[in-house]
Each structure stands twice: as structure tokens, then as C-alpha cells.
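Visitor: Before we look at anything in detail, could you walk me through how such a model is read, one feature at a time?

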Amino acid sequence: MIKNKLANITKGSGFCPLFQEKCKKEECDWFYNQFEKCSIEITGYNLFKLSKSIDTLIAELKKQ
């Protein structure tokens, strides 16, 4: 169900999976003007990268 709703975003339908309504664009803090789309789409990827960076930092700190 959520996968279908996220697919709607990438098709440009303007549906917000977070608020379950039509995208409010510039009125919403999640809207990213540079890409003209919702930044929720890349949140999972960014969290994955952050997790890997934290793991690397922890490993480096343990070496000291």
C-alpha cells in the first residue's frame, strides 16, 4: 500500500504519503524546491548513508 503511494510521487501525481493528501508544494517543509519534489523520497537513502558514517566514526573512535 505505501509502496503504491510512493510510486505515485515519482510519477508526479503530487500525492503526499505523509499527510495522505495532495502535495502542498512550497507550503510544506518536506518539499524540496531544487528538485521540485518531496524530499521524503530520499529520506531512507540519507538515513542509510548516515548510519554507515556513524558506524565508520565509531570504529575510528575505538582505535584511539
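Guide: Ile54 counts as partly exposed because its relative accessibility is 40%, where buried means under 20% relative accessible area, exposed over 50%, and partly exposed in between (1.4 Å probe, protein chains only). This is a predicted model, in which local features need pLDDT of at least 70 and side-chain atom pairs count only at pLDDT 80 or more, while totals for chains, interfaces and linings use all residues. Residues are numbered from 1 along each chain as its sequence is written, and side-chain values use heavy atoms, with hydrogens and water left out.

Visitor: Which element holds Ile54, and how many helices and strands are there in the protein chain?

Guide: Helices (H or I, at least four residues) and strands (E, at least two) are DSSP runs, numbered from the N terminus. Ile54 belongs to helix H2, residues 43-63, and the protein chain has 2 helices and 4 strands, in the order α-β-β-β-β-α from the N terminus on. Of the 64 residues in the protein chain, 14% are buried.

Visitor: Which residues make the nonpolar surface patch with Ile54?

Guide: A patch is made of residues with over 30% relative accessible area and no salt bridge, nonpolar side chains (Val, Leu, Ile, Met, Phe, Trp, Tyr) being joined within 5 Å and like charges within 9 Å. Here Leu47, Leu50, Ile54 and Ile58 make a patch of about 360 Å².

Visitor: How many salt bridges does a search of the whole structure find?

Guide: Side chains of opposite charge can pair when their charged atoms come close. A salt bridge is a side-chain nitrogen of Lys or Arg within 4 Å of a carboxyl oxygen of Asp or Glu, and the search finds 2. In one, Lys24 meets Glu21 at 3.1 Å, N to O; Lys24 is partly exposed at 47%, and Glu21 is partly exposed at 33%. In the other, the closest N and O atoms of Lys63 and Glu60 are 3.4 Å apart, and these residues are separated by about one helical turn because they lie 3 residues apart in helix H2.

Visitor: What lines the largest pocket?

Guide: On a 1 Å grid over the protein atoms alone, a pocket is an open set of points with protein on both sides within 12 Å along at least five of seven lines, and lining residues have an atom within 4 Å of a point. The largest pocket holds about 280 Å³ of space, and among its 20 lining residues Gly14, Cys23, Lys24, Phe31 and Cys38 lie nearest its centre.

Methods: Areas by Shrake-Rupley, 256 points an atom, 1.4 Å probe, with all protein chains shown as cover. 1 Å grid on protein atoms, 1.4 Å probe; cavity = no way out; pocket = protein on both sides within 12 Å on 5 of 7 lines; lining within 4 Å. Points joined across faces, edges and corners; volume = space filled by probe spheres on them.
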